[in-house]
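Here is a friendly note to read with the model open beside you. Take the points in order, and find each element on screen as you go.

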Amino acid sequence: MKAPPHAAWLAGSLAVAGVVAVAGVAGVPMPRGASGEGVARRSSLEPPGGHAAARSPSSASTPGEPEERPEVPPPPFTDGIFPCSQCHADMPVDRRRRPLEAMHTDIALRHDEEHRWCLDCHDAEDRDWLHLASGERVPFDESYRLCGQCHGEKLRDWRAGVHGRRKGQWNGHKQYLLCAHCHNPHEPRFKPLEPMPAPRRPSRTAP
Amino acid sequence: MDADAAAVQGPRGVTRRRFTSCAAAAAAGWILTACGPKRLREMPPNRLKQAIAELERRYAEQFGTGVRVSDAGPLPGVEFAYALDLSRCIGCRRCVYACVEENNQSRDPQVHWIRVLSMEKEKGIRFPESDPYYEPETVPEEGRFYVPVSCQQCRNAPCTKTCPTGATWVEPDGIVVIDYDWCIGCRCCMAACPYGARHFNWREPSLPRDALNPETHYLGNRPRPRGVVEKCTFCIQRVRAGRYPACVEVCPVGARKFGNLLDPKSEIRYIIEHKRVLVLKQDLNTLPRFFYFYGT
């Protein structure tokens, strides 16, 4: 007895469907990049703010708690100026506020100069040190603690790596710069830079 | 019933036999494409190494010096993100040219992966009124701020969806990459990208020998042929080795930040948690990995 006509049709369709299904399961490359195919692995990205509790350890600022001491290159002294005690050890201390005439005339103070002068940051007794408002002495390579007295949020951001430049590895050791490496402490305002050339405008005739 | 009537025909005169045999042949042909050339990301590791060795040989011949092509894969537990401080950027374009040097971009025709847009402070971020061709004596200019734009490495990227050949895709660490050997240069991705971040090599790229950066990655900064699309890859050759992208290191004001989103102690997480963060063209739902923030 002859098989009904639609049996051949059914068998052929199932074969094609089976072939296509096997091809899909086996992961044979399909020519079209369908949506969603691009991501090789779904990542579970937590919503921002989900880890508010886990803060950078260096941003803890409880008074008295020792903070990490970031690694910094040496302070950017002018050649030969340091140690200051090579001149100042023998000089008498003059705490009167005045414009300097004998030496350091190249320094123009433009940093809250109405209210402060040299000895508000530089230690009067030992010029190789700076001092905080409390009188505590800090070395020049910890000058950020001095800057941080007024610029507290900048100091916090700097410790987290968000303010200023850092070199190194994003997943490893980083080298910071001192505030003074970018900001002249006597005249901190940045000078404008010359920009690098603009991109060429596209032309109609030639790419 | 005669023999002709027994062969029932479809609407266009196609018999069922003919239809099923053609469909089966098409399906077989489809499967056999698996035996042909493969996209780089589908190659088994040894075949990929062969392909890369061939690339290195070809580049050494072309440039007369050794070129290393890395095949470094994504690091586990890492998803990259970038943050740019709009209150700091002065529009000096040092990032643009550092990128050109690091990533072996063509000098003529000129290809820049980063484009710095100058906008008015009074009006805020407005793309139609922005000016990428500013050239004042000094920057920053009074009353203007600067928004550098490069590939945003979108989590919901329109470009990877439109690519007809699957030559561009998102890697597990979040970088959107291009297989330069599979790209056919149709530029659908360029049309799809809302940020204008993809660039095409209309002519043979010119890269002087002394300007070549020999440390390359097969999906990143290896010298590209004519007729393919290229774009920022977060300096894939650097970041998969733990270094910062070139633009981050060169920025003179420290406006650029980079890190691992999955690391709660990274500066990127700090920025997202503590600063005012925004993304460009948010309404398009591209979910970029490139955040802009105000540091002050």
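Predicted model: local features only at pLDDT ≥ 70, side-chain atom pairs only at ≥ 80, totals over all residues.

At what angle do the axes of helix 3 and helix 4 of chain A cross? Keep that in mind for the first point.

1. Helix 3 covers residues 143–150 and helix 4 covers residues 152–160; their axes cross at roughly 135 degrees and come within 6 Å. Because of that angle, helix 3 of chain A counts as oblique to helix 4 of chain A. On the helix 3 side the contact is made by A:Tyr144, A:Cys147 and A:Gly148, and on the helix 4 side by A:Gly152, A:Leu155 and A:Trp158. Sorted by class, four of these residues are nonpolar, two are polar and none is charged.

2. Now step back to the whole of chain A. Five helices and four strands make up its secondary structure, and along the sequence they follow the pattern α-α-β-β-α-α-β-β-α. Chain A has 207 residues, of which 12% count as buried. Among its contacts with a separation of 6 or more, 54% are between residues 24 or more positions apart.

3. Before moving to chain B, look at the confidence scores. Chain B has an average pLDDT of 92, with 98% of its residues scoring at least 70. For the complex, the predictor gives an ipTM of 0.80 and a pTM of 0.78.

4. Next comes a sheet in chain B. It is open, with four strands in the order 10-2-12-11 and mixed pairing. Which strands stand at its edges? They are strand 10 (256–260) and strand 11 (276–278) of chain B; each has a single partner strand, so one side of each is left without a neighbour in the sheet. On average, neighbouring strands here are turned by 30 degrees against each other, direction ignored. Strand 2 (residues 80–85) and strand 12 (residues 290–294) of chain B run parallel and are joined by four bridges. Within this pair, B:Leu84 stands opposite B:Tyr292.

5. Stay in strand 12 of chain B to find B:Phe293. Is this residue buried or exposed? B:Phe293 is buried, because 20 other C-beta atoms lie within 10 Å. The residues that B:Phe293 touches include B:Ala83, B:Ile271 and B:Val277. B:Phe293 and B:Arg88 are 205 residues apart in sequence, yet their C-alpha atoms are 9.7 Å apart in space.

6. Helix 9 (residues 267–274) of chain B lies across strands 2, 10, 11 and 12 of chain B, at about 110 degrees to strand 10. Helix 9 of chain B is mostly covered, with seven of its eight residues buried; among them are B:Ile268, B:Tyr270 and B:His274. What do these buried residues pack against? Their partners are strand 2, strand 10, strand 11 and strand 12 of chain B, together with helix 4 of chain A.

7. Finish with helix 4 (residues 94–102) of chain B, where the buried residues include B:Cys95, B:Ala98 and B:Val100. Their cover includes strand 3 (115–120), strand 4 (144–149), helix 8 (246–250) and strand 10 of chain B. Just after helix 4 of chain B, B:Asn104 takes a positive phi of about 55 degrees.

Note on methods:
Residues numbered from 1 in each chain as written. Chains lettered and ligands numbered in written order. Pairing = 2+ DSSP bridges. Helix = DSSP H or I, 4+ residues; strand = E, 2+ residues; numbered from the N terminus. Axes fitted to C-alpha atoms, helices over the stretch in contact; angles between N-to-C directions. Contact = placed C-beta atoms within 7 Å. pLDDT = per-residue confidence, 0-100. Parallel < 35°, antiparallel > 145°, perpendicular 65-115°, else oblique. Nonpolar A, V, L, I, M, F, W, Y, C, P; charged D, E, K, R; others polar. Lists of a residue's contacts leave out its neighbours within four places in sequence.
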